[in-house]
Amino acid sequence: MTKTLRRYKLHILRVIFTASVLVSPALFAEGLPEKIEDAPAQASENEAWTGIDVSVVGKYAAKYGRPPRDPYINTDQGDLLLFVFTAAGVIGGFIIGFNARKIFYEKNQ
Amino acid sequence: MHITEGILPARWVLTWFAVSMPFVGIGIYHVKQRKRQMPAYLPLVGMLGAAVFVFSCFPIPVIALNGMATSHPCGTGMSAVLLGPFVSVLVAAIALLIQALFLAHGGLTTLGGNIFSMGILGSFSGYFAFKIAQRCRLRLFWCGFLAGMVSDLFTYLGTSIELGLLVIGKGGSFPKAVAEIFGVFMMTSQGVLCVVEGVVVGFVLVFVYKRRPGILLQLGVIKDDKNPAQV
């Protein structure tokens, strides 16, 4: 009985974890609607849901004469960033889950 | 805290790389040493590496004094307590490199600076906060809480210092710039998020203690796995 209960709990935890990993990239993608090169002129820390990497770091860098520019490999184009974040979240989640199972749940450890 | 491509001038790019690389090298050496002593060490490094990667690009919406913003925790406090500060720097460096290469997050020229703030300052401050809390005989949860919170604060202090250094030679005041940027970080989101990160690290340590206390014992995080009072 206890074992079945524990198995159900684990199953629920796994579903919650997978859902949170899958939802997180979507949240981030919505947080970066503008191109980074335009950010310093437009963004401020008062804008809703802007990432502070853009609103604070970008703003002060521009103020001190070093505005940010596009990365060398620019994945911030259309839905590409969403795809990359989703893939990274899924792979990261898989690695965490796989190793957590190995370390904390397998009996021969 | 990710400093984007193009923000740091060449002299600071080189300086931060020169400061960070020895820590990464020592981290690699520590991993090689520890994996021989403890079979579960590599899976643990893999798990915490992935956790630091996910944590540090996981934007959490926060409503704080300066309005609504998203920001991310760092995870280096947790990895520093469990893996040691040098290995935590290595783990942070790998996470930041992948983010700079594929996620348009941070930058390749600013990688040294980002490793300094999140990897070095975050890991060592979290590690020492944990050790000091243990010496004060706080319970494991609160030791983890302080490690997570302090590492988050120091990471953002590091970023503030790196940005504040840009005013040197332009007639600005360095301490004033650092205080201003750090204050904005705290008011915008990090004042709330550092507490959240502390709670997460505290719960993770308690979970590991309850599930596999032997791991904490082998890693040297706790001295006695038969003493429930420390949880």
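Helix α3 of chain B (residues 76-83) is mostly covered, with 8 of its 8 residues buried (20 or more other C-beta atoms within 10 Å of the residue's own, C-beta atoms being placed from the backbone). Helices (H or I, at least four residues) and strands (E, at least two) are DSSP runs, numbered from the N terminus. The model is predicted: local features need pLDDT of at least 70 and side-chain atom pairs count only at pLDDT 80 or more, while totals for chains, interfaces and linings use all residues. Residues are numbered from 1 along each chain as its sequence is written, and chains are lettered from A and ligands numbered from 1 in the order in which they are written.

The buried residues of α3(B) are B:T76, B:G77, B:M78, B:S79, B:A80, B:V81, B:L82 and B:L83. They pack against α2 (41-55), α4 (85-102), α5 (111-135), α6 (140-164), α7 and α8 (213-219) of chain B; residues are in contact if their C-beta atoms, placed from the backbone, lie within 7 Å. After α3(B) comes B:G84, with a positive phi near 100 degrees.

Chain B as a whole has 8 helices and 2 strands, in the order α-α-β-β-α-α-α-α-α-α from the N terminus. Its radius of gyration is 18 Å, close to the 17 Å given by the globule rule for 231 residues, so chain B is as compact as a globular protein of that length (the radius is taken over C-alpha atoms, and the rule is 2.2 Å times the number of residues to the power 0.38). Of the 231 residues in chain B, 57% are buried. Among contacts in chain B between residues at least 6 apart in sequence, 73% join residues at least 24 apart.

Between the chains, 45 residues of chain A are in contact with 45 residues of chain B. On the side of chain A that touches chain B, α1 (2-31), β1 (50-51), α3 and α4 (80-105) each supply at least two residues, and the largest share, 13 residues, comes from α4(A).

Helix α3 of chain A (residues 52-63) packs with helix α7 of chain B (residues 174-211) at an angle of about 160 degrees, their axes 11 Å apart (axes are lines fitted to C-alpha atoms, for helices over the stretch in contact, and angles run from 0 to 180 degrees between N-to-C directions). The two helices are therefore roughly antiparallel (angles over 145 degrees). A:I52, A:V56 and A:Y60 of α3(A) meet B:I181, B:V184, B:F185, B:T188 and B:S189 of α7(B) in this contact.

Notes. Buried ≥ 20, exposed ≤ 12 C-beta atoms within 10 Å, placed from the backbone. Contact = placed C-beta atoms within 7 Å. Parallel < 35°, antiparallel > 145°, perpendicular 65-115°, else oblique.
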